[in-house]
Amino acid sequence: MKALAEFILRGRWQALLVALIGNFFPLISTATVALVSLCKGTKEGILIFLWVSLALVLIQQAGSENPLLTAITIASFGIMVTAATVHKIMASWQWTLIVIVLVAVICALGFGLLMSTSVTALVATAQQMLDAFKVQDSGAQLNIVITESMLLGIVATITAIGSIMSLMLARWWQAGLFNPGGFQKEFHSFTLEAKIAVLLVAIPIMGQFLPKSSQIWAELAVLPLLLAGIALIHFAVKLLGQGKQWLAFLYVGMIIVGKPVTLLLVVLGLTDSLIDLRSRLEGYLNAKT
């Protein structure tokens with residue numbers, strides 16, 4: 001990965017090449033745009049974003065892919081430039097994550113307003129796939145009707161999560177090149193201000209009064225808290241000298257068990273913001289020794 005990051009920063013054409021080829025691999029393309037923006041500035045990041053976007057538009061025009069899918073990819077590149085710039089200026093994961101979520105929501109709403117035909121077509125395709133799955137698995141208790149609001153909420157969620165992961169990968173690359181070990185310290189110390197954490201929890205609680213198909217929009221607010229909870233677990237594992245298998249259990253649990261594990265992580269993130277669990281844990285260990 002270090003060699004890839006060095007290649008990206010070698011020049012504009014190298015970065016453009018990786019950004020284009022990286023579309024065939026998860027996170028690589030968007031992380032490339034983020035890395036360029038972090039290391040060479042917003043102007044250079046915008047240039048890579050524009051060139052890659054032009055290439056994607058030409059590819060879409062030559063094929064039959066739904067334009068919305070291309071627009072989502074292009075929006076992800078734009079979010080990367082914005083998030084990297086915010087992070088570079090403010091040096092704050094809290095505000096960077098909030099900006100990512102807000103911009104992802106704005107982009108998804110924009111798709112609904114400007115690309116309604118493509119959104120409707122994608123809703124129909126997704127519903128057909130879901131109905132086909134129900135036919136194949138007669139035991140599946142699925143009775144979901146996909147609405148445009150639900151689909152766009154899913155788009156906003158996937159875009160936000162992908163953007164967060166891409167920026168983290170870019171910061172890891174950057175630290176590996178210029179400050180080895182720096183990203184780990186940065187991530188392990190990530191927490192949210194108490195008032196911000198409370199506000200982020202209040203949004204999905206109020207969102208329970210929304211129609212069920214629209215509640216996913218409110219649930220987006222807890223993404224920064226979820227990441228804070230994950231950061232706390234990483235910090236605790238390192239502080240306690242535990243093996244990385246515990247982190248593997250965490251991520252497997254998030255995939256297999258799903259909502260209960262993510263909810264626990266959100267609660268941990270909120271609790272850490274309110275009573276500083278990191279300091280308490282360090283104090284407890286120091287007292288024991």
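Ile233 is part of helix H12, which spans residues 223–239. The model is predicted.

- Leaving aside residues up to four places away in sequence, Ile233 touches Leu247, Leu250, Leu265 and Leu268.
- Between Ile233 and Leu54 the separation is 179 residues in sequence, and their C-alpha atoms are 41 Å apart in space.

**Asn66 between two helices**
- Asn66 sits in the loop that runs between helix H4 (42–62) and helix H5 (67–90).
- Its relative accessibility is 16%, so Asn66 counts as buried, the limit being under 20%.
- With residues up to four places away in sequence not counted, the contacts of Asn66 are Gln60, Ser118, Ala121 and Leu122.
- One of these residues, Ser118, has its backbone oxygen 3.2 Å from a polar atom of the Asn66 side chain.

- Phe24 is found in the loop between helix H2 (12–21) and helix H3 (28–40).
- Phe24 is exposed because its relative accessible area, 70%, is over 50%.

Notes:
Residues numbered from 1 in each chain as written. Predicted model: local features only at pLDDT ≥ 70, side-chain atom pairs only at ≥ 80, totals over all residues. Heavy atoms only, no water. Helix = DSSP H or I, 4+ residues; strand = E, 2+ residues; numbered from the N terminus. Buried < 20%, exposed > 50% of the residue type's maximum accessible area, 1.4 Å probe, protein only. Polar contact = N/O pair within 3.5 Å; in protein donor to acceptor, adjacent residues only side chain to side chain. Contact = heavy atoms within 4.5 Å.
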